[in-house]
Amino acid sequence: GVDDSGIALADGTVDAHYKLILNPDSASSDTFVEDSTLFPIVAGPWVANNAGSKWIGPRTETSAAAGSAGAGGDYVYRTVVDLTGFDPASVVIAGDWSTDNEGGDILINGVSTGQKNTAQFAAFTPFTITSGFRAGLNTIDFRINNASTGYTGLRVDHLRALGTALPAGTAPFIVEQPQ
């Protein structure tokens, strides 16, 4: 729900940082900043938007979004992080996430980290990822389940990455043998 400068996007804007790679609601991979003037954001029970992050979802208003009682309820939101120039073994990515409903897992490059969102939509659950990274592009997938037809969304807040840059002049090396 923010632009490249970290400023909150306007409601209804497509958030280019995330793509829906599993979307039972439609064939679109776009994620939209949800309408913060409507329930469940405006007066709760969802965690309130702030200047650093906003709720995103498969549409601007999700009261009729697909869920388990409809055409499936699993959504996967993907963001990509470029670790070119960093030692992948030194990278740590951390943040807080909130989902409606269950946040089932965070995956790095398709591999489960086993980190669930335990607070769901009323609060944030912190996460820290310390392994599974590789040189270059890395995917981070947030897998959530919409328990029934109706409201769904993802909030990621305080997302930050730490890592050690490779020293200048480092010779090319093989990080992982080709498959």
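Is Y18 buried or exposed? Y18 is buried, with a relative accessible area of 8%. Buried means under 20% relative accessible area, exposed over 50%, and partly exposed in between, with a 1.4 Å probe and protein chains only. The model is predicted: local features need pLDDT of at least 70, side-chain atom pairs count only at pLDDT 80 or more, and totals for chains, interfaces and linings use all residues. Residues are numbered from 1 along each chain as its sequence is written, and side-chain values use heavy atoms, with hydrogens and water left out.

**Aromatic rings**

The whole structure holds five aromatic pairs. Rings of Phe, Tyr and Trp (its six-membered ring) pair if their centres lie within 6.5 Å; planes under 30 degrees apart count as stacked, over 60 as edge-to-face and the rest as tilted. Two of the pairs share F142.

| Pair | Type | Centre to centre | Angle between planes |
|---|---|---|---|
| Y18 and F142 | tilted | 6.3 Å | 55 degrees |
| F127 and F142 | edge-to-face | 5.8 Å | 70 degrees |

Y18 sits in strand β1 (residues 14–22) and F142 in strand β9 (residues 137–145), so their pair ties together parts 124 residues apart in sequence. Strands (E, at least two residues) are DSSP runs, numbered from the N terminus. F142 is buried, with a relative accessible area of 1%. The other pair also links distant parts of the chain: F127 lies in strand β8 (residues 125–129), 15 residues from F142 in β9. F127 is buried too. Ring pairs join Y18, W97, F127 and F142 into a cluster.

Side chains alternate along β8. T125, F127 and I129 point to one face and are buried. β8 pairs with strand β5 (residues 92–100) in the antiparallel sense, over five bridges. Two strands pair if DSSP finds at least two bridges between them. In this pairing, A94 stands opposite T128.

L20 lies in strand β1. L20 counts as buried, at 5% relative accessibility. Which residues does L20 touch, not counting residues up to four places away in sequence? They are S28, S29, D30, T31, P58, Y75, V76 and Y77. Contact means heavy atoms within 4.5 Å. L20 and K54 are 34 residues apart in sequence and 16 Å apart in space, C-alpha to C-alpha.

**Pocket and cavity**

The largest pocket has a volume of about 460 Å³. On a 1 Å grid over the protein atoms alone, a pocket is an open set of points with protein on both sides within 12 Å along at least five of seven lines; a cavity is a set of points where a 1.4 Å probe fits but cannot get out; lining residues have an atom within 4 Å of a point. A volume is the space filled by probe spheres set on the points, which are joined across faces, edges and corners.

The largest pocket is lined by 24 residues, and V2, H17, Y18, T79 and L159 are the closest to its centre. β1, β4 (74–82) and β10 (153–162) each supply at least two lining residues. β10 gives the most, with seven.

One cavity of 30 Å³ or more turns up in the whole structure. The largest cavity has a volume of about 50 Å³. Its lining includes E34, D35, F39, T60 and Y151.

Technical notes:
Helix = DSSP H or I, 4+ residues; strand = E, 2+ residues; numbered from the N terminus.
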